[in-house]
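Hi there,

Here is the model I promised to pass on to you. Have a look at it first, and then read on for what turned up in it.

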Amino acid sequence: MAVLAAAMEAQGLSVWWDSNIDGGVEFSRVIERELKEAKNVVVAWSEASVDSHWVRDEAEYARQAQKLLPITLDGIPPPMGFRQIHAIDFSEWEGAEDAAPLQMLLHSLGDEKTPPSPVASGIPAPAPLHDPRSKKPSIAVLPFAVMSADPEMEFLVDGLTEDLITALSTNRHLAVAARTSVFAYKDKSVDIRDVGRALNVRYVVEGSVRAMGERARVSAQFIEAESGAHIWANKYDLELKEFTAAPDEVVEKITASIGAQLIWAEADRAERTDEFDLGSWELIQKASAAIGRSAGSRATMLECVAQLNRAIELEPDSGLAHALLSWFYNAAITNSVFVDDEFPTFLENAKKHLRIARDLVGNDYLCLMWIGATESYGGMNEQSLKTLRKVLDRNPANAEAWFHISQTYAFMGRYDEARQAITRATELAPEAGFGLQHGWYRGVVEYLAGNYEEALPLVLNQVVNFPEYGIANSCAALLSAIAGDEESAHKYMRRLKKHNPQMTVKRLALLILNQKDQEKAKREHTLMQKIWDDAGEPGESD
């Protein structure tokens with residue numbers, strides 16, 4: 001707070017905070033007097049302050065007096081009751097006077113040095129586009145349009161916009177434009193490209209709410225600001241009383257879909273960038289997108305490992321890069337895409353980068369999600385469950401965390417919870433991100449649960465989509481044999497051998513034996529060995 005106070009004073013503002021209280025005075029009276037005299041009250045939320053009754057009392061006074069300007073010091077959202085006003089994220093601010101968080105705060109305080117919104121002021125000259133070298137993508141949520149004459153509906157829709165801003169702001173890797181900036185566009189017809197330049201953002205979310213008798217339709221679009229091209233759009237129909245009583249479900253679905261689409265949008269942007277100009281963030285996004293768009297082939301795994309090692313060279317303290325790299329090394333082991341002399345190195349690197357990520361994670365919940373996913377692959381199921389639950393407690397709309405925790409539950413033998421988790425991931429974000437892998441993960445859950453008939457079509461669909469994926473072919477061979485279709489079992493096993501010559505039955509045991517029912521696992525391992533021996537070597541038709 002001392003650094004922030006000094007930065008504000010350097011801009012010519014008069015700043016008072018509780019370090020200025022003289023000894024021997026009754027501090028509550030002094031604070032009350034200063035709150036009354038202040039033009040604006042900046043409330044700094046943090047993991048400690050959200051539980052402070054003093055801070056909540058001060059924030060409530062400031063809100064009622066219409067003086068409240070909230071910020072978050074560590075990315076944590078304000079407590080319930082204070083989320084209607086967007087909190088500016090200072091979690092990555094390092095004291096620079098020209099940094100976006102401080103500039104947003106100064107503009108909200110009415111500092112004349114900060115240029116006003118072009119729409120609000122009528123100034124036509126736009127600001128420069130978001131610096132393409134920045135690792136952090138930026139996004140603006142424009143006020144959703146109200147397609148109703150009911151004034152109560154306008155209040156609810158404004159609340160929906162604010163809730164979307166708050167929910168997206170929980171991702172510390174995403175810079176979200178402040179409420180004060182985006183609401184300058186309320187009830188205005190604008191060109192998204194102009195908005196992108198004016199607010200200095202890479203992406204824009206816009207939408208509308210239409211009342212249709214007893215029902216409401218919420219439409220949302222996720223748009224690339226520079227080109228104005230639509231990346232994603234969807235509509236949600238629900239009972240009007242359901243929307244007015246609890247719009248949280250719509251907020252969760254929209255933010256989850258945007259989060260999933262953002263992975264691919266950033267990866268596509270990286271693909272259009274010269275390889276030598278890629279930063280750590282872009283390299284991480286390319287690797288993240290590869291998980292959803294491809295599957296566990298050796299070539300894909302090794303390419304992603306190389307990208308993440310390069311990302312760490314560029315940014316050694318990136319906990320996210322270390323966590324994702326550990327996941328890839330663990331995935332390479334679990335998916336048996338290593339040759340003999342690589343196993344010790346892969347295992348050591350998986351452990352090393354997980355250890356580094358844990359040291360660096362801080363309040364980075366995206367990093368924490370990958371740590372939890374890695375712990376699951378590494379057989380640390382109890383720890384994985386604890387880690388991923390922490391992520392979901394912070395953001396229940398994190399479809400990727402639900403996706404990963406489904407496997408943790410499955411490997412622990414908690415199959416009903418595994419099904420519920422993958423269902424929740426699909427409800428929140430059925431497309432982009434890891435959406436293409438949801439059916440495969442559900443198939444693995446049913447296989448581990450012993451529901452072979454339900455698992456088979458889901459696994460076969462994965463083989464159709466990713467014919468070179470060794471583990472999927474091995475599961476297809478096993479399930480086909482259990483169903484009595486030996487011809488198909490041999491076909492899938494020959495395909496596995498063709499595209500994954502490094503695989504052996506011993507290595508496949510890393511997946512087969514990693515399940516709760518060890519007697520079932522041993523029977524399946526014995527059957528897998530028989531299929532392997534009987535299938536023969538692959539031919540041209542395989």
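Let me start with a definition: a disulfide is a pair of cysteine sulfur atoms within 2.5 Å. By that test the structure holds 0 disulfides.

Some background on the numbers. This is a predicted model, in which local features need pLDDT of at least 70 and side-chain atom pairs count only at pLDDT 80 or more, while totals for chains, interfaces and linings use all residues. Residues are numbered from 1 along each chain as its sequence is written, and side-chain values use heavy atoms, with hydrogens and water left out.

Now the overall picture. The chain has 24 helices and 9 strands (DSSP runs numbered from the N terminus: H or I of at least four residues for helices, E of at least two for strands). Of its 542 residues, 53% are buried. Taking contacts (heavy atoms within 4.5 Å) between residues at least 6 apart in sequence, 63% join residues at least 24 apart.

Next, the cores. A nonpolar core is a set of buried Ala, Val, Leu, Ile, Met, Phe, Trp, Tyr and Cys residues joined through side-chain atoms within 4.5 Å. The largest one has 94 residues, and F328, W370 and W440 touch the most other members. Helix 13 (residues 319-334) gives this core its largest share, 11 residues. Leaving aside residues up to four places away in sequence, F328 touches A287, I291, M301, C304, V305 and L308. There is also a second, separate core of 45 residues, with L164, I165, A184 and W232 among them.

Finally, helix 3. Which of its residues are buried? They include V55, A59 and A62. After helix 3 comes Q66, with a positive phi near 60 degrees.

Happy browsing!

How values were computed: Buried means under 20% relative accessible area, exposed over 50%, partly exposed in between (1.4 Å probe, protein chains only).
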